[in-house]
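Let's take a walk through this model together. Have the backbone in view as you read.

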Amino acid sequence: MKNLVNIPGTNIEIYPLVLGGNTFGWSSNKEESFAVLDAFYEAGGNFIDSADLYSEWKPGNIGGESESIIGEWMETRKNRSEIIVATKVAKYSRRLGLSPININAAIDDSLKRLRTDYVDIYYAHEDDKTVPLVDTMIAFSQLITMGKVKYIAASNYSAERLNESLQISQKNSLAKYIGIQNEYNIVVRKNYENGISNLVKNNSLASFPYFSLAMGFLTGKYRESNQVDSVRAEGVSQYLTPQGFELINQLEKIANNHQASISAVSLAWLRQQESVTAPIASARTVDQLKEIMQLVELSEQEINLISNLSKSWA
């Protein structure tokens, strides 16, 4: 398989795009999800990101739908050993927080839904300041010892709390977070670049940004004269400004030069940031997947142009 990248701190190599599983069971039914997963796998993709929470927010869902679809897909395709699976604990209403009791219950629930006996990367989905960090890290370490989890990582942590977690692990000889999954993209830069980025580089951590296409804005489908029917349209409204549309126009010009999609250029900018291992992006359809799986190499001039256009968001 070509173009693989190593996840720092592990022996895992991945395709340089992580497929987000948040659409499975939400905007994509099982049949549509299987089609996207098949296309991702056939194109060389091997890392799928999910969470126990996905997609509890959809009316009629109870949570765990994404994991269940991924688990059934891996079982029917008999490819578990070839797939890197990440899931998360802390935000699901039935399994809230990072107490040791909750972590142990949540991993067993996730393993059952995923139809597997281990998870490659298990995330703390958000910080839980009601539980001492050392207790959380002990619980995660025990999961690794038991073989239920290979590696642990953090999501939605501040730089200060992530650094504190790393220090506690080192001081107590516990397993440490090997990476971070926080929001980061061309138009959402400030929090990541003003703290997390340096921490990632200084500690040789992996970084897997989510909302890498700004909830669809950076695909270019939102234009001044175009009304988009999407479950994410409301969240994108903050970017529908003259500056935002000018950014999309410039991304389109760069995309045309590379004979690629605007999505591919947006992901390339992210991928070429020094601290980023691989961006996470989801696809509701196979056509959308094809757009995000195009691997574009931007010139330094193109990267700087995009960065300068979005500087006021930084």
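Is arginine 115 buried or exposed, or does it fall in between? With a relative accessibility of 43%, arginine 115 is partly exposed; buried means under 20% relative accessible area, exposed over 50%, and partly exposed in between (1.4 Å probe, protein chains only). A quick note on the ground rules: this is a predicted model, where local features need pLDDT of at least 70 and side-chain atom pairs count only at pLDDT 80 or more, while totals for chains, interfaces and linings use all residues. Residues are numbered from 1 along each chain as its sequence is written, and side-chain values use heavy atoms, with hydrogens and water left out.

Back to the backbone. Most residues other than glycine have a negative phi, and most peptide bonds are trans. Arginine 115, however, has a positive phi near 55°, in the loop between α3 (100-114) and β6 (119-124). Helices here are DSSP runs of H or I with at least four residues, strands are runs of E with at least two, and both are numbered from the N terminus. Serine 173 also shows a positive phi, about 55°, and is exposed at 69%. Then there's the cis peptide bond between tyrosine 54 and serine 55, with omega about -5°.

Now for the strands. In β7 (residues 149-155), six of seven residues are buried. Strand β7 runs parallel to β6, joined by five bridges (pairing takes at least two DSSP bridges), and tyrosine 123 partners alanine 153. β7 also pairs with β8 in the parallel sense, over three bridges.
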